[in-house]
Amino acid sequence: MTVEVAPKSKFVTLHREVSTLTKDLIDRSFDYRAVWDYPKLPKKAKKYVDKYATPVVKEYFIPHMTLSLLKDKGKLAEVEATMSVEHHRFRAETLALCTLAEHHTCQEVVFSIPLGRVDKKDP
């Protein structure tokens with residue numbers, strides 16, 4: 001289950017720049033094609049997996065926070081019925097490069113940099 005982050009437009013440029021600048025740091029010994037069920041992906045998504053190790057870039061980029069992973073996807077409706085999501089604001093203050101664990105979770109921070117505020121009106 002995920003919560004989408006909006007407005008998406010504020011993250012697109014940052015995501016594009018970070019993806020481009022870090023693509024040479026990807027561990028190419030890992031089988032990204034298996035993780036993303038490569039044979040079932042559209043042609044353009046396959047191209048992104050080959051270049052960025054993920055299809056979730058450019059037009060497929062969806063800023064989100066993962067809340068949970070369900071082993072039994074048949075229980076999704078049951079879980080959704082118990083949840084209530086309120087609108088919240090947050091400000092990302094740090095950009096971190098991580099080694100990843102299962103389900104693309106950060107295992108260890110390799111390095112991080114603080115993010116400056118662009119729009120002084122946003123908290």
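Reader: Which residue forms a salt bridge with D37, and how far apart are the closest N and O atoms?

Author: Side chains of opposite charge can pair when their charged atoms come close. In this predicted model, D37 forms a salt bridge with K40, and the closest N and O atoms of the two are 3.6 Å apart. D37 is partly exposed because its relative accessible area is 37%, whereas K40, at 69% relative accessibility, counts as exposed.

Reader: How many salt bridges does the count come to?

Author: The count comes to four salt bridges. Among them is the pair of R33 and D50, with the closest N and O atoms 2.9 Å apart. This pair links distant parts of the chain: R33 belongs to helix α2 (residues 32–35) and D50 to helix α3, 17 residues apart. R33 has a relative accessibility of 42%, so R33 counts as partly exposed; D50 is likewise partly exposed, at 38%. D24 is exposed, with a relative accessible area of 68%.

Reader: Which cysteines form a disulfide?

Author: A disulfide is a covalent bond between the sulfur atoms of two cysteines. The structure holds one disulfide, formed by C98 and C106, whose sulfur atoms are 2.4 Å apart. The angle about the S-S bond is -85°, and the link is left-handed.

Reader: Why does S19 count as buried?

Author: S19 counts as buried because its relative accessibility is 13%. The residue lies in helix α1 (residues 9–22). Leaving aside neighbours within four places in sequence, S19 is in contact with Y52 and V57.

Reader: Which residues make up the largest nonpolar core?

Author: Seven residues make up that core: I26, Y32, Y38, L41, A45, V49 and A53. V49 also illustrates how contacts may be read. Not counting residues up to four places away in sequence, V49 touches R28, Y32, R33, W36, Y38, L41, T54 and P55.

Reader: Where in the chain is confidence lowest, and where is it highest?

Author: Confidence is lowest in strand β1 (residues 2–4), with a mean of 73, and highest in helix α3 (residues 43–52), at 94. The chain averages a pLDDT of 83, and 93% of the residues score at least 70.

Notes. Residues numbered from 1 in each chain as written. Predicted model: local features only at pLDDT ≥ 70, side-chain atom pairs only at ≥ 80, totals over all residues. Heavy atoms only, no water. Helix = DSSP H or I, 4+ residues; strand = E, 2+ residues; numbered from the N terminus. Buried < 20%, exposed > 50% of the residue type's maximum accessible area, 1.4 Å probe, protein only. Contact = heavy atoms within 4.5 Å. pLDDT = per-residue confidence, 0-100. Core = buried A, V, L, I, M, F, W, Y, C linked by side-chain atoms within 4.5 Å. Disulfide = S-S within 2.5 Å. Salt bridge = Lys/Arg side-chain N within 4 Å of Asp/Glu carboxyl O.
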